[in-house]
Amino acid sequence: MSRLEQMGKMRERLAKKRDEVFEAHRLSEEERLILSEHDIEPEETAQKAAIADVVATLDEREQKQIQAINRALTRMELGEYGSCEVCGKEIEVERLETIPWTSVCSKHAGTE
Ligand SMILES: [Zn+2]
């Protein structure tokens, strides 16, 4: 599998994982829409406040996960996904398979 195909697969897994977190929390369709628009156009102040309201209803673990997933998706858009934020090296594929939203390599795990 090429790196590009790998990215596409990871993107799907991240989006699915995010849906699962929302599903577990039973957010309304409207809230879900607000959150999914977040990573594309996070500009409007009112929209930001609405997102904060929705995220505030999630528990701490869910919030961290959503934030990590959103960050991973943003990094994907920027073409930075899959490289370690600490050392810049490519994150091991096995590690991405296990934790698709990670932003650091196994050597720097624990600093995230
Ligand atoms: Zn590293």
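**Close-up 1. Cys87, a partly exposed zinc ligand.** Cys87 is partly exposed, with a relative accessible area of 35%. This value comes from a predicted model. The SG atom of Cys87 is among the atoms that coordinate the zinc ion.

**Close-up 2. The zinc ion and its donor atoms.** Angles among the 4 donor atoms span 99 to 118°, and the site is tetrahedral. For four tetrahedral donors, the ideal angle is 109.5 degrees.

Close-up 3. Along the sequence, the donor residues follow the pattern C-x2-C-x17-C-x2-H. Cys84 sits in the loop between helix H4 (60-77) and helix H5 (93-98), and Cys105 lies in the segment after H5, so this pair ties together parts that are 21 residues apart in sequence. Cys84 is buried, at 3% relative accessible area. Cys105 is buried too, with a value of 6%.

Close-up 4. The structure contains 0 disulfides.

**Close-up 5. Phe22 in helix H1.** Phe22 belongs to helix H1, which covers residues 3-25. Phe22 counts as buried, with 2% relative accessibility. Val55 is 33 residues from Phe22 along the chain. The C-alpha atoms of Phe22 and Val55 are separated by 10.0 Å.

Technical notes
Residues are numbered from 1 along each chain as its sequence is written. This is a predicted model: local features need pLDDT of at least 70, side-chain atom pairs count only at pLDDT 80 or more; totals for chains, interfaces and linings use all residues. Side-chain values use heavy atoms; hydrogens and water are left out. Donors are N, O and S atoms within 2.8 Å of the metal (3.2 Å for Na, K and Ca); water is not among the atoms, so sites may look incomplete. Four donors count as tetrahedral if all angles lie between 85 and 135 degrees; four count as square planar and six as octahedral if opposite donors are over 155 degrees apart and all others between 65 and 115; anything else is irregular. Helices (H or I, at least four residues) and strands (E, at least two) are DSSP runs, numbered from the N terminus. Buried means under 20% relative accessible area, exposed over 50%, partly exposed in between (1.4 Å probe, protein chains only). A disulfide is a pair of cysteine sulfur atoms within 2.5 Å.
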